[in-house]
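Hi,

Here's the structure I said I'd pass on to you. Have a look at it first, and then read my notes below.

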Amino acid sequence: MKAKVDPEELLRIIELCRAVERRGVDPFQVDVGRSIEKLRRYLPRWRLPEELLLDAEALNRIAAIVRLQGDWLKHRASSLYIDPILVELKIRMLEPERLASVFFRSWHPVVALEQLSEKRLEEGLDYWNSLLPLTERLREEAPSGGELGLLTREDLVNLRTFSEVEFKDLLKKVLGELRAMAKGGKVSYKEFIYRGTFAETVERAYLTSFLVTDGYVELDVKPLEEEIFLRPLERPIPMAERTKVYSVALALDNRGG
Amino acid sequence: MEEAEREAEARRKVRRAAQMLLYQRHRLPGVRGWELRKALGKKYMEIIEILNRELDPLGMEVKVVYEQGQQPKEPKEEDLASARFFAVLRTPEVEAISGLRVDDVAALAAALAYLVSRQGKAPRREVEELLRAKFPKWKVELNIERFVKRGYLAQDEEMLYVGWRTRAEVDPKALLNLLLGEP
């Protein structure tokens with residue numbers, strides 16, 4: 001019987017490669033052959049998509065290390081290569097004035113001048129002339145004054161801050177519709193979201209996003225088929241019980257239903 | 001007559017190229033190859049060559065800094081289009097042209113030599129540690145911030161890299177050779 005392999009092994013390989021890449025240390029510290037061998041041995045045992053994704057990520061990181069090893073060799077073979085330890089020793093030994101002198105002799109400063117042209121000055125003056133005084137601009141931008149008072153629920157409804165219909169009721173209604181359409185299975189996201197008008201579509205997408213976040217509906221993304229499905233659940237899954245939490249950005253186009 | 005017109009047109013383009021390169025038009029100095037192509041036409045590299053000959057007696061030259069860092073063996077049109085062109089001094093004839101004090105230049109030279117010897121990047125902590133051998137902590141931090149702001153260094157999280165200005169202004173090979181050649 002094959003021993004169980006922990007995906008932690010993959011995470012360890014990924015982290016080692018990332019650390020070498022990030023810190024710019026000798027890429028030959030990574031034993032590429034051994035890491036590849038490990039990936040090859042473990043591959044048949046991965047079952048979950050997350051595990052396969054980790055495997056692909058590990059392979060990608062190892063490929064980056066191979067590229068770094070190539071660059072490292074090229075640099076060592078180039079005329080620019082000088083032992084970093086030797087350079088560091090020399091820097092530590094030299095007086096600051098000598099270091100500055102070394103810099104000046106290898107320095108070719110960029111020539112960059114700035115000058116206002118007559119035309120640009122004219123544009124600036126035009127802008128100044130067309131600009132209203134700050135007091136007038138602030139007056140225009142400030143909200144119109146009035147007496148302070150209390151807003152009633154009706155006022156808020158009129159201002160469209162509150163809705164007559166409770167938000168929870170709306171969620172319940174959409175969930176009911178989704179369950180009816182899915183008939184115990186799943187339903188295409190597009191099929192469920194797109195309605196007669198764009199406003200209705202946006203509202204439905206907005207409400208559905210709450211159902212997904214609250215764990216009433218599962219979002220099933222098929223990247224290869226470029227399809228997304230909604231699967232209503234019998235009982236909501238609390239956040240703490242979810243194995244993997246991620247965000248998905250979904251674009252809506254302004255089309256009819 | 002045609003010849004005279006062509007010459008006048010070429011002179012006009014050389015003047016235009018000089019102004020584009022010498023005067024800062026964006027947040028950073030220099031212009032991209034595609035900008036020169038747009039302003040000077042398809043044969044813009046010929047105009048740049050003429051400009052180079054004009055700048056030579058003044059001790060200046062046009063330097064091309066390629067996106068990929070090193071100059072390709074045979075630069076293609078797209079390499080040149082994305083490259084940044086600068087006018088640089090071949091050899092500074094006056095000393096005080098940077099606005100940096102000599103101790104700041106020393107810190108910059110040390111940081112750059114350290115980075116260049118490590119393929120252009122190193123953890124900031126290591127560079128700070130090196131500079132702190134000769135300068136106080138507050139000055140080291142201030143200097144690194146200043147060098148990043150000026151474009152001599154670039155920073156990404158905890159790593160320091162050689163910045164765009166260093167690639168335009170400093171000859172890395174000469175820097176290391178001069179450093180090691182110092183008695």
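Predicted model: local features only at pLDDT ≥ 70, side-chain atom pairs only at ≥ 80, totals over all residues.

Let's begin where the two chains meet. On the chain B side, 55 residues are in contact with 38 residues of chain A. About 4,500 Å² of area is buried between them, and carbon and sulfur atoms give 64% of that.

What about charges and polar groups? There is 1 salt bridge between chain B and chain A: the side chains of B:Arg118 and A:Glu88 come together at 3.3 Å, N to O. The two chains also have 16 residue pairs in polar contact, counting pairs with both residues at pLDDT 80 or more. Several elements of chain B supply at least two residues each to the side that touches chain A, among them helix 1 (2-22), strand 3 (84-89) and helix 9 (172-181). Helix 5 of chain B gives the most, with 10 residues. Sorted by type, the chain B residues on this side come to 37 nonpolar, 5 polar and 13 charged.

Now for the sheet. Chain B has an open sheet of 3 strands in the order 4-6-5, with antiparallel pairing. Strand 4 and strand 5 (153-156) are the edge strands, so named because each pairs on one side only. From one strand to the next, the twist averages 25 degrees. Strand 4 and strand 6 (residues 159-162) of chain B pair over 3 bridges, and B:Pro123 has B:Met159 in strand 6 as its bridge partner. Helix 6 of chain B lies across strands 4, 5 and 6, at about 80 degrees to strand 4.

Cheers

Methods
Residues numbered from 1 in each chain as written. Chains lettered and ligands numbered in written order. Heavy atoms only, no water. Contact = heavy atoms within 4.5 Å. Buried area = accessible area lost by both parts, 1.4 Å probe. Salt bridge = Lys/Arg side-chain N within 4 Å of Asp/Glu carboxyl O. Polar contact = N/O pair within 3.5 Å; in protein donor to acceptor, adjacent residues only side chain to side chain. Helix = DSSP H or I, 4+ residues; strand = E, 2+ residues; numbered from the N terminus. Nonpolar A, V, L, I, M, F, W, Y, C, P; charged D, E, K, R; others polar. Pairing = 2+ DSSP bridges. Axes fitted to C-alpha atoms, helices over the stretch in contact; angles between N-to-C directions.
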